[in-house]
Amino acid sequence: MTTVTLASKRRRAALKTLAFMSPWLIGFAVFFAYPLISTVYFSFMHYDGFNPPTWSGGKNWRYVFEHYPLFWPALRNTLWLVLVTVTLRVVFGLGVGLLITRIKTGTGVFRTLFYLPYLAPPVAATMAFAFLLNPGTGPVNSLLEKTGIPAPGWFNDPSWSKPALTLLFLWGIGDLMVIFMAALLDVPAEQYEAAELDGASPWQRFRYVTLPNISPIVMFAVVTGVIQVMQCYTQPLVAGKVASGVIQGAGAQFEPGYPDKSTLTLPQLVYNLGFQRFDYGSACVVALVLFALSMAFTAFLMRRRGGLIQAGD
Amino acid sequence: MTQVLRPPAAIEAPVPPAERTARRRAALEWIAVHALGVAAALFFVLPFVFVLLTSLMSDSQALSRDLIPHTWQWDNYRKVFDTPGFLTWWRNTLLYAGLGTVLTVLSSVPVAYALAKFRFRGRNLSLMLVISMMMLPPQVVVIPMYLFWAKQLDLSGTLWPLIVPMAFGDAFSIFLLRQFLTTIPNEYLDAARVDGCGELRTLVRVVLPMAKPGIAAIALFQFFAAWNDYFGPQIYASENPGAWTLSYGLESFKGAHHTDWNLTMAATVLVMAPVILVFFFAQKAFVEGVTLTGVKG
């Protein structure tokens with residue numbers, strides 16, 4: 001019938017792609033690119049939400065890095081969580097994954113029980129742990145005292161609040177367990193058989209067969225773990241609020257980080273600066289720090305393409 | 001030697017010593033592994049148990065260090081439902097999670113399909129941007145977004161600032177579904193195209209039926225994400241208790257019932273229960289989804 005030229009064919013293909021991609025293209029522009037550029041803009045402005053924004057140069061940046069009393073504690077806490085919590089989560093997740101691949105009786109029941117806590121909504125899980133670990137009537141301290149072990153103050157003690165958070169994050173290990181389980185089952189059985197024939201001990205089998213095979217997944221778990229703890233918001237905030245007994249409501253102000261700034265993380269600073277102190281400019285500075293750190297680790301993750309992106313067509 | 005009657009093989013063959021020790025080791029390993037399994041199960045389950053038990057205690061007992069209720073106060077759950085606002089939080093949560101999930105699936109499917117199956121310039125860049133968006137916490141862009149919704153559209157105090165963006169694709173859903181769609185062989189698509197199907201028909205008639213598990217996974221994840229969201233309602237809905245969701249309201253519940261751990265734990269159970277029920281009905285899709293996020297490749 002009609003001759004379809006190559007150019008019009010190409011145009012149709014481009015239109016088709018555009019049509020299918022359009023929801024995300026609009027979303028990207030309106031809910032990501034525009035606000036990101038706007039965040040950079042506001043980081044150089046003085047803005048309280050009422051008076052029109054005025055240019056303030058690098059003042060917000062200097063304030064955040066030099067004078068804002070919550071910034072460095074939040075970074076230090078993040079470093080603590082990266083070193084301790086992420087390490088423990090990866091080790092524990094791998095341990096639970098190894099355990100579940102060896103359980104031969106009632107595997108389905110065990111797997112479901114191990115996985116359930118991961119599903120508990122973060123606010124609910126945090127409320128539960130705030131109760132379980134509360135020094136007054138909490139079951140954990142009741143049991144500890146019965147056995148004669150000195151009971152810590154958990155979420156009410158600055159030096160125990162992060163371990164308490166860690167316990168909460170270890171409880172919700174289901175995601176890592178599933179990922180490690182899949183990776184462990186993918187290790188070729190012949191390699192184990194060969195190692196056994198060579199007389200390798202269980203530890204040697206783990207060290208020289210299991211670990212090399214699952215190392216990309218371990219790396220994936222570490223990097224996503226770093227991103228998760230860097231961005232964690234709900235758990236430390238709610239734990240602090242509940243432990244401090246602050247009653248939420250109109251006009252109530254809660255300085256995040258209770259007790260003594262020990263549960264501060266960067267996202268909480270954005271809330272504190274923007275929505276409690278109405279210093280939108282400085283809030284944007286912290287938002288950009290959070291952006292830069294998140295992107296650095298994401299870039300690292302993407303460079304190891306095998307782990308994250310499946311080849312397309 | 002010849003006089004010795006050999007026992008019929010069917011009764012019992014003598015076990016060679018090497019095999020016997022191997023069997024004993026296997027039995028010991030079975031015991032050790034399952035004992036560890038039970039210990040781990042206690043760690044994962046006991047918090048739920050203590051929360052449940054406390055939720056059924058009387059007011060005075062909840063202030064004690066008792067672990068098991070003297071009398072079972074099922075009435076606590078009725079009291080929670082009678083709390084002003086609690087049913088509103090339920091309604092708002094279902095609206096946010098339900099409508100949000102439908103919008104997310106509708107808007108993310110075509111994008112994921114294009115990223116998985118179309119060849120075009122900028123595809124890898126788009127994919128990288130999707131992953132970047134997925135890895136960013138909402139706090140990074142919250143200041144301009146809040147100013148946009150609250151100051152320009154005057155929509156703070158409602159959940160619309162949280163629901164509307166879901167009509168424009170969710171990065172995590174797009175990424176997850178794209179991973180899933182790349183596993184569908186091209187031959188199916190080519191066959192449909194040869195039969196004269198346009199892209200939309202190919203997507204609806206051929207791809208979607210095969211992608212059901214992937215779509216179930218993103219719907220579940222999105223539903224849970226909305227159900228669990230605390231930061232979003234805190235930013236946009238906090239000023240109007242009529243727009244609170246369960247996750248946000250739960251914490252205020254503790255504030256209002258200052259020392260009543262029993263009622264707070266009953267409310268906590270009521271926030272956890274639906275998620276866990278949904279999980280039991282859709283376990284397979286869920287676990288498949290978790291695996292897809294990282295390992296395939």
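## Reading contacts, cores and helix packing

Me: Which residues does A:M177 touch, not counting those up to four places away in sequence?

Reply: A contact means that two C-beta atoms, placed from the backbone, lie within 7 Å. With residues up to four places away in sequence left out, A:M177 touches A:G93, A:V96, A:G97, A:I100, A:F114 and A:Y115. This is a predicted model: local features need pLDDT of at least 70, side-chain atom pairs count only at pLDDT 80 or more, and totals for chains, interfaces and linings use all residues. Residues are numbered from 1 along each chain as its sequence is written, while chains are lettered from A and ligands numbered from 1 in the order in which they are written.

Me: How many residues are in the largest nonpolar core?

Reply: A nonpolar core joins buried Ala, Val, Leu, Ile, Met, Phe, Trp, Tyr and Cys residues through C-beta atoms within 7 Å. Buried means 20 or more other C-beta atoms within 10 Å of a residue's own; 12 or fewer is exposed, and in between is partly exposed. Here the largest core has 154 residues, and A:M177 and A:V286 have the most contacts inside it. Domain 1 (17-75) and domain 2 (79-294) of chain B each give this core at least three residues. Those domain bounds come from an automatic or database assignment.

Me: Why is helix 8 of chain B described as largely enclosed?

Reply: Helices are DSSP runs of H or I, at least four residues, numbered from the N terminus; strands are E runs of at least two. Helix 8 (residues 171-181) of chain B is largely enclosed by the rest of the structure because ten of its eleven residues are buried. Among them are B:F175, B:R178 and B:Q179.

Me: How many residues of chain A are in contact with chain B?

Reply: 79 residues of chain A meet 78 of chain B. Helix 1 (residues 6-42) of chain A gives the largest share of chain A's side, 16 residues. Chain A's side has 54 nonpolar, 19 polar and six charged residues.

Me: At what angle do helix 9 and helix 10 of chain A pack?

Reply: Axes are lines fitted to C-alpha atoms, for helices over the stretch in contact, and angles run from 0 to 180 degrees between N-to-C directions. Helix 9 (residues 189-197) and helix 10 (residues 202-231) of chain A pack at about 145 degrees, with axes 10 Å apart. A:Q191, A:Y192 and A:A195 in helix 9 of chain A meet A:R205, A:Y208 and A:V209 in helix 10 of chain A.

Note on methods: Nonpolar A, V, L, I, M, F, W, Y, C, P; charged D, E, K, R; others polar.
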